[in-house]
Amino acid sequence: MVNVALTITTKEEVGVLDEITKVISAFGFNISYANLYVGIDTGVLNIELENVENLDEFIEELYKIDFVLDIEKHSTLKDIFGKRIIIIGGGAQVSKVAAGAIIEADRHNIRGEHISVDTIPLVGEDNIADAVEAISRLSRVGALVLAGSLMGGRITEAVRAVKKERDLLVISLNMPGSVTSEADLIVTDPTQAGVMAVMAIADTAVFDVARLKGNNKF
């Protein structure tokens, strides 16, 4: 049994998702990721399924649905992009963290790892808090780096809430504000923060944040 990703193109009609999920349920597959977007006359469903066997039979059954136009098989996003690091904060700090993360990720990816780096420069407590909260709706996120000069209030609450919902490593730059109280690791140098984020989630590294215990500020 394997994990597979399918792109299912359909006519844009009422009941599309219902009919497709009925087939998935009948085969006993688990949906691990789904994304749907709609064009003028067609819809495209990107879906990842776990523990799949008899895939050919499953695809054949999907084609029996009148509004299914095409089905393509792909590698999963985890297989392609791997673990994901999200960097949120001010533009200057974000760019330096990203530089460290990308350089370190390249070193590990050459050795067979798959780590991707996503960044968004933002200003304002509400904007940053909304972005942190949205992480709970993103797939494959292994680490969050908060790169700013001052973060607290709603941002701290958002970090606390996301950490309760999922297993997430949080690294913060050393800054004023209460957000550092929720960080697993506090790093002064932005470039080093990016490097340490990659090292912490890479299977090809031996760095373990948990072993730092109370000494989590650098």
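This is a predicted model: local features need pLDDT of at least 70, side-chain atom pairs count only at pLDDT 80 or more; totals for chains, interfaces and linings use all residues.

Trainee: Let us begin with the antiparallel sheet of 4 strands; what is the strand order?

Mentor: The order is S2-S3-S1-S4, and the sheet is open, with antiparallel pairing. The twist averages 20° from one strand to the next.

Trainee: Which strands stand at the edges of that sheet?

Mentor: Strand S2 (30–38) and strand S4 (68–74) do. Each has a single partner strand, so one side of each is left without a neighbour in the sheet.

Trainee: How many bridges join S1 to S4?

Mentor: Strand S1, residues 2–11, is joined to S4 by 6 bridges, and the two run antiparallel. Leu6 stands opposite Lys73 of S4, and Thr7 has Glu72 of S4 as its bridge partner.

Trainee: And over how many bridges do S1 and S3 pair?

Mentor: They pair over 9 bridges, again in the antiparallel sense. Within that pairing, Thr10 has Gly43 of S3 as its bridge partner.

Trainee: Is S1 mostly covered or mostly open?

Mentor: S1 is mostly covered, with 7 of its 10 residues buried.

Trainee: Which helix packs on this sheet?

Mentor: Helix H2, residues 55–63, packs on the sheet and touches S1, strand S3 (42–52) and S4. The direction of H2 makes about 160° with that of S4.

Trainee: Turning to the parallel sheet, what is the order of its 5 strands?

Mentor: This open sheet has the order S6-S5-S7-S8-S9, with parallel pairing. S6 and S9 stand at the edges; each has a single partner strand, so one side of each lacks a neighbour in the sheet. The twist averages 20° from one strand to the next.

Trainee: How many bridges join S8 to S9?

Mentor: There are 3 bridges between S8 and S9, which run parallel. Across that pair, Leu173 stands opposite Val187 of S9.

Trainee: Which strands does H7 lie across?

Mentor: H7 lies across S5, S6, S7, S8 and S9, and runs at about 170° to S8.

Trainee: How far does H7 reach from its first C-alpha to its last?

Mentor: Helix H7, residues 190–201, has 12 residues and reaches 17 Å, close to the 16 Å expected at 1.5 Å a residue. At the start of H7, a side-chain oxygen of Asp189 comes to within 3.3 Å of the backbone nitrogen of Thr191.

Trainee: Which residues of H7 are buried, and what covers them?

Mentor: The buried residues are Pro190, Ala193, Gly194, Val195, Met196, Ala197, Val198 and Ile201. Their cover includes strand S5 (83–89), helix H4 (91–110), strand S6 (115–121), strand S7 (141–147), S8 and S9.

Trainee: A change of topic: how many salt bridges does the structure hold?

Mentor: The structure holds 11 salt bridges. One of them links Asp18 to Lys22, with the closest N and O atoms 3.5 Å apart.

Trainee: By about how much of helix H1 are Asp18 and Lys22 separated?

Mentor: Asp18 and Lys22 are separated by about one helical turn, because they are 4 residues apart in helix H1 (residues 16–27). An α-helix has 3.6 residues a turn, so residues three or four places apart point the same way.

Trainee: Are Asp18 and Lys22 buried or partly exposed?

Mentor: Asp18 is partly exposed at 41% relative accessibility, and Lys22 is partly exposed at 48%.

Trainee: What parts does the salt bridge between Asp130 and Arg154 tie together?

Mentor: The side chains of Asp130 and Arg154 meet at 3.0 Å, N to O. Asp130 lies in helix H5 (residues 125–134) and Arg154 in helix H6 (residues 154–165), so the pair ties together parts that are 24 residues apart in sequence. Asp130 is partly exposed, with a relative accessible area of 39%, and Arg154 is also partly exposed, at 26%.

Trainee: Which residues are linked with those two in a network of salt bridges?

Mentor: Asp126 and Glu133 are linked with Asp130 and Arg154 in that network.

Trainee: Finally, where do Lys163 and Asp184 lie?

Mentor: Lys163 and Asp184 form a salt bridge whose closest N and O atoms are 3.2 Å apart. Lys163 lies in helix H6 and Asp184 in the loop between strand S8 (169–173) and strand S9 (185–187), so the pair ties together parts that are 21 residues apart in sequence. Lys163 is partly exposed, with a relative accessible area of 25%, and Asp184 is partly exposed at 27%.

Methods. Residues are numbered from 1 along each chain as its sequence is written. Side-chain values use heavy atoms; hydrogens and water are left out. A salt bridge is a side-chain nitrogen of Lys or Arg within 4 Å of a carboxyl oxygen of Asp or Glu. Buried means under 20% relative accessible area, exposed over 50%, partly exposed in between (1.4 Å probe, protein chains only). Two strands pair if DSSP finds at least two bridges between them. Axes are lines fitted to C-alpha atoms, for helices over the stretch in contact, and angles run from 0 to 180 degrees between N-to-C directions. Contact means heavy atoms within 4.5 Å. The expected span of a helix is 1.5 Å times one less than its number of residues. A polar contact is a pair of N or O atoms within 3.5 Å; within protein, one must be able to donate a hydrogen and the other to accept it, and residues adjacent in sequence count only if both atoms are side-chain atoms.
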